[in-house]
Amino acid sequence: MTKINESIDTGWNFDHSYARLPDKFYSRIEPEPVREPELAVFNQSLAASLGLNTNSLKNGEVAAVFAGNEIPEGSEPLAQAYAGHQFGHFTMLGDGRAVLLGEQITPSGERLDIQLKGSGQTPYSRGGDGRATLGPMLREYIMSEAMHALRIPTTRSLAVVTTGETVIREKPLSGAILTRVAASHIRVGTFQYAANWGTDEELRALADYTINRHYPEVEAEENQYLSLLQEVIKRQAKLIAKWQLTGFIHGVMNTDNMTISGETIDYGPCAFMNDYDPATVFSSIDRKGRYAYGNQPGIGAWNLARFAETLLPLLHEDRDKAVELAEDAIKDYSQQFHHHWLAGMRAKLGIFNVEKDDQSLMEDFLHLMETHKADFTNTFLALTFDKSDGVADLFEKEDFKQWQERWQKRLSRQEESKDDSHQLMRNSNPAIIPRNHRVEEALEAAVEREDYSVMEKLLDVLSNPYAHSPEQEEYTRPPEPSDQPYQTFCGT
Ligand code: AMP
Ligand code: MG
């Protein structure tokens, strides 16, 4: 393995704070070189904000770095250990097909994990090939960048390279590697790993590390581990409220896929809902609908309870007291979630002030959308622009007209003008979301025909979902009705 020519100023500025944790938390492992790396997509603006100077590198060198064939200067690759509840069942996991190159310290002083996903086998591969395929990696790129543009905390995607190798799934597919950028990859599952297989000292080391990295403000608190729990609960409540408000369905909310930083992570079978229905599930493996749209807030609480359990030895020396503290913290989650959801729904409906009947106004609205099978995103758009395009079926219904009158009256009971409401709604209701049929169309062109223009156009319109520009118009259309429900598959 070669090191990149050190005389080129590539902008890499790595630190390795995670590697200073006890060595139980990771295994040092280099990415396995691939046959023929080629750059498929590259996120120039993200690269610039990371401080990378890709202009000084030839295209081939960029591909070699993001394929793992060349280790960038200062990188000390490792795979992280973690466990997790997958569909409720607890197992040991870990980075089975990913390596962390290091933490890039950006020009603005942020510390961000740079991880290659699909980079070969690691000690945590459990028989898997350590590889990833092109379709799912491009899908993660599109979805995560769309989430970022929707102002939802998320890991980012820096690059996708094809490997020139075939990966065997149900059929032979093109291999690919995604470079993921994250506030960190510490998961609920990382704490579960520490609590189950580590000593109390190792658990404490992880908690102290996490506080220092993500929640330094709690260091001064009397019970900083309780504060850590409370802060994680706050961020997750806020995050999941944002998912609900945009119709995002994660699809695989296992505890290893829930970050401690509060970023959305792991874009496997995720998808956005079209018609409003709380029972919506897209993932082919989620047969019982555990991770259905309407279950996400509750699963958030379940996962956070698993996180709280891991912290018990640190919360209080008296076990009963520790359990009591953890339970109280978890109880706050629903209230926090509800607060963020209500505030977000008020904004989506152009409401500035607070009235006690707001919740029933919102619930009745959701119920109408469900009954009349209305598109979630487009119904809010129709209210924003006072046009019934695409949702005429709903707008013609008597019960909806009554609701609309109630909503109009509600808007008149605030100081802000109609125009203020319109502006608030424009800014709270995205013109476009990554609709499943549009994402599939872009992936098919890229994977089957090596035509990346469809994906580039899609990424471009998704990059500013609140622009409400004429080019976005055609992307607002929901898919044609089909007998075949849309299905997503885990990102393998
Ligand atoms: P995910 O479904 O992406 O959250 O992955 C769950 C676990 O399976 C993680 O420990 C992954 O590292 C591991 N995994 C997924 N795909 C592979 C693969 N092709 N080879 C080895 N490990 C994998
Ligand atoms: Mg995962």
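User: What covers the buried residues of α14?

Analyst: This is a predicted model. In α14, which spans residues 436-449, the buried residues are N436, R438, V439, A442, L443, A445 and A446. Their cover includes α3 (134-149), β15 (271-272) and α15 (453-462).

User: Are α3 and α15 roughly parallel or roughly antiparallel to each other?

Analyst: The axes of α3 and α15 come within 9 Å and cross at roughly 20°. Angles under 35 degrees count as roughly parallel. The two helices, α3 and α15, are therefore roughly parallel.

User: Is the crossing of α5 and α6 left-handed or right-handed?

Analyst: Helix α5 (residues 200-214) and helix α6 (residues 224-246) have axes that come within 11 Å and cross at roughly 55°. That angle makes α5 oblique to α6. The crossing of α5 and α6 is left-handed.

User: How do the residues of the contact of α5 with α6 divide into nonpolar, polar and charged?

Analyst: From α5, the residues R204, A207, D208, T210, I211 and H214 meet Q224, Y225, L228 and R235 of α6. The contact of α5 with α6 divides into four nonpolar, three polar and three charged residues.

Technical notes:
Residues numbered from 1 in each chain as written. Chains lettered and ligands numbered in written order. Predicted model: local features only at pLDDT ≥ 70, side-chain atom pairs only at ≥ 80, totals over all residues. Heavy atoms only, no water. Helix = DSSP H or I, 4+ residues; strand = E, 2+ residues; numbered from the N terminus. Expected span 1.5 Å × (residues − 1). Buried < 20%, exposed > 50% of the residue type's maximum accessible area, 1.4 Å probe, protein only. Contact = heavy atoms within 4.5 Å. Axes fitted to C-alpha atoms, helices over the stretch in contact; angles between N-to-C directions. Parallel < 35°, antiparallel > 145°, perpendicular 65-115°, else oblique. Left-handed = near helix turned anticlockwise from the far one by under 90°. Nonpolar A, V, L, I, M, F, W, Y, C, P; charged D, E, K, R; others polar.
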